[in-house]
Amino acid sequence: MTKSIKIRLIGLLLLFVCNIYAQKSDSESEIEQITETIMHYIEGTANGEPDRLRKVFHPDFNLYTIANDTLWIRSGKQYISRVKKGKKTNRIGRIISIDFEKDAAIAKAEIVIPNYKVFTDYFLLLKYEGTWKIVHKSYTGRAISKP
């Protein structure tokens, strides 16, 4: 193998490794941004901060659940109106998973209201104008069994 072929091969290998690293960094950055968006939701609802919800919800955002075997749909505006500014709740939230491809993502979170219910939230997010927005939330809840 000639010296110039070795140099070209090494150059190609370096480009390949740099490209993989750049993709990994981009992925980590997107996950961090999605995490921040979901945490605004979790902390905004727990701490009575409706402005944080307005920041991360798309204006046409809706929530979906099943109540008494019927599909129940609420608008994001209705949901935000029930979050009273400054009124803290005892909700405890955590992100369970995040998956994304390009400008679409899904996230799963668990919200515990001690001595009452555990909610599982499924979020659909889209990134546009440089920002991740929650465009849809489906959720279900189960009562916490008392000892």
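Predicted model: local features only at pLDDT ≥ 70, side-chain atom pairs only at ≥ 80, totals over all residues.
For the protein chain as a whole, the mean pLDDT is 88, and 82% of the residues reach 70 or more.

Is Glu-30 buried or exposed? Its relative accessibility is 15%, and because buried means under 20%, Glu-30 counts as buried.

Which residues does Glu-30 touch, once its neighbours within four places in sequence are left aside? They are Phe-100, Lys-127 and Trp-132. With Lys-127 there is also a polar contact: the two side chains are joined at 3.0 Å.

## Rings that meet

Now for the aromatic rings. A pair of aromatic rings is described by how far apart the centres are and by the angle of the planes. How many aromatic pairs does the structure hold? There are 7.

Take Tyr-41 and Phe-57: their ring centres are 6.1 Å apart and their planes are at 35°, so this pair is tilted. Tyr-41 belongs to helix 1 and Phe-57 to strand 1 (residues 57-67), so the pair ties together parts that are 16 residues apart in sequence. Both Tyr-41 and Phe-57 are buried.

Phe-57 also pairs with Tyr-79, with centres 6.2 Å apart and planes at 50°, so this pair is tilted as well. Here strand 1 meets helix 3 (residues 76-81), where Tyr-79 lies, so the parts tied together are 22 residues apart in sequence. Phe-57 counts as buried because its relative accessibility is 4%, and Tyr-79 is buried with a relative accessible area of 9%. Tyr-41, Phe-57 and Tyr-79 belong to one aromatic cluster together with Phe-61 and Phe-123.

## The nonpolar core

Some of these names come back in the largest nonpolar core, which has 24 residues. Which of its residues touch the most other members? They are Ile-38, Tyr-41, Phe-57, Phe-123, Leu-125 and Ile-134.

Several elements give two or more residues to this core: helix 1, helix 2 (50-56), strand 1, helix 3, strand 4 (104-113), strand 5 (117-128) and strand 6 (131-143). Strand 4 gives the most, with 5 residues.

Leaving aside neighbours within four places in sequence, Phe-123 is in contact with Ile-38, Tyr-41, Ala-105, Ile-106, Ala-107, Ala-109, Ile-134, His-136 and Lys-137.

Finally, look at the loop between strand 1 and strand 2 (70-75), where Asn-68 lies. Most residues other than glycine have a negative phi. Asn-68 is not a glycine, yet its phi is positive, at about 55°. Asp-69 lies in this loop too, and its phi is also positive, near 65°.

Notes:
Residues numbered from 1 in each chain as written. Heavy atoms only, no water. Buried < 20%, exposed > 50% of the residue type's maximum accessible area, 1.4 Å probe, protein only. Polar contact = N/O pair within 3.5 Å; in protein donor to acceptor, adjacent residues only side chain to side chain. Contact = heavy atoms within 4.5 Å. pLDDT = per-residue confidence, 0-100. Phe/Tyr/Trp six-rings, centres within 6.5 Å; stacked < 30°, edge-to-face > 60°. Helix = DSSP H or I, 4+ residues; strand = E, 2+ residues; numbered from the N terminus. Core = buried A, V, L, I, M, F, W, Y, C linked by side-chain atoms within 4.5 Å.
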